[in-house]
Amino acid sequence: MKQNTVTLERILEYYDTPQLFLGRDAFDTQYLCLLYEDEPTCQYTAIRISTKLYARFLQGKEDWRNFFL
């Protein structure tokens, strides 16, 4: 499985390590990233998210759980 590098842009939830964060790749695509494994290294699942949806999320108009469903 090919993995892309996503750079952390903004931490949304933190507990010992970033649990949920917004990231960007080399093509400036935004991702909502969720931690699913932290031993032995942190691994995240990520979904692409538009700037518009991300703004709605920050305004409390969207629930991040819905993005992953």
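What follows is a walk through the strands, helices, salt bridges and a few single residues of this predicted model.

The model is a predicted one, so local features need pLDDT of at least 70 and side-chain atom pairs count only at pLDDT 80 or more, while totals for chains, interfaces and linings use all residues. Residues are numbered from 1 along each chain as its sequence is written, and side-chain values use heavy atoms, with hydrogens and water left out.

Four strands make up an open sheet, in the order E1-E2-E3-E4, with antiparallel pairing. At its edges sit E1 and E4, each of which pairs on one side only. On average, neighbouring strands of this sheet are turned by 25 degrees against each other, direction ignored. Two of the terms used here need spelling out. Strands (E, at least two residues) and helices (H or I, at least four residues) are DSSP runs, numbered from the N terminus. Two strands pair if DSSP finds at least two bridges between them.

Going through the sheet pair by pair, E1 and E2 are joined by seven bridges in the antiparallel sense, and here Thr7 stands opposite Arg24 in E2. E2 and E3 are also antiparallel, with five bridges. Arg24 turns up again in this pairing, with Gln30 as its bridge partner in E3. Between E2 and E3 comes a hairpin with five residues between the strands, where Asp28 takes a positive phi near 70 degrees. Strand E3 (residues 30-37) and strand E4 (residues 43-48) run antiparallel and are joined by six bridges. A hairpin of five residues takes the chain from E3 to E4. Among the bridge partners in this pairing are Leu34 with Thr45 of E4, and Glu37 with Gln43 of E4.

Then come the helices. Helix H1 (residues 51-58) lies across E1, E2 and E3 and runs at about 25 degrees to E1. For such angles, axes are lines fitted to C-alpha atoms, for helices over the stretch in contact, and the angles run from 0 to 180 degrees between N-to-C directions. Helix H2 covers residues 64-68 and includes Trp64. Leaving aside neighbours within four places in sequence, Trp64 is in contact (heavy atoms within 4.5 Å) with Leu20, Leu32, Leu34 and Phe57. Trp64 and Leu34 are 30 residues apart in sequence, and their C-alpha atoms are 9.9 Å apart in space. With a relative accessibility of 31%, Trp64 counts as partly exposed, a class that runs between buried (under 20% relative accessible area) and exposed (over 50%), using a 1.4 Å probe and protein chains only.

Beyond its neighbours within four places in sequence, Thr17 touches Leu35, Cys42 and Tyr44.

Out on the surface, Leu8, Ile11 and Tyr14 form a nonpolar patch, with about 290 Å² of accessible area together. Ile11 sits in strand E1 (residues 7-15) and is partly exposed, at a relative accessible area of 38%. Patches are made of residues with over 30% relative accessible area and no salt bridge, with like charges joined within 9 Å and nonpolar side chains (Val, Leu, Ile, Met, Phe, Trp, Tyr) within 5 Å. The areas themselves come from the Shrake-Rupley method with a 1.4 Å probe, and for residues only the protein chains shown count as cover.

Last come the charged pairs. Side chains of opposite charge can pair when their charged atoms come close. The structure holds three salt bridges, each defined by a side-chain nitrogen of Lys or Arg within 4 Å of a carboxyl oxygen of Asp or Glu. In one of them, Arg24 pairs with Glu9, and the closest N and O atoms are 2.4 Å apart. Arg24 is partly exposed at 24% relative accessibility, Glu9 is partly exposed at 39%, and Asp28 is exposed at 52%. Elsewhere, the side chains of Glu62 and Arg56 meet in a salt bridge at 3.1 Å, N to O. Both ends of that pair are partly exposed, with Glu62 at 22% and Arg56 at 32%.
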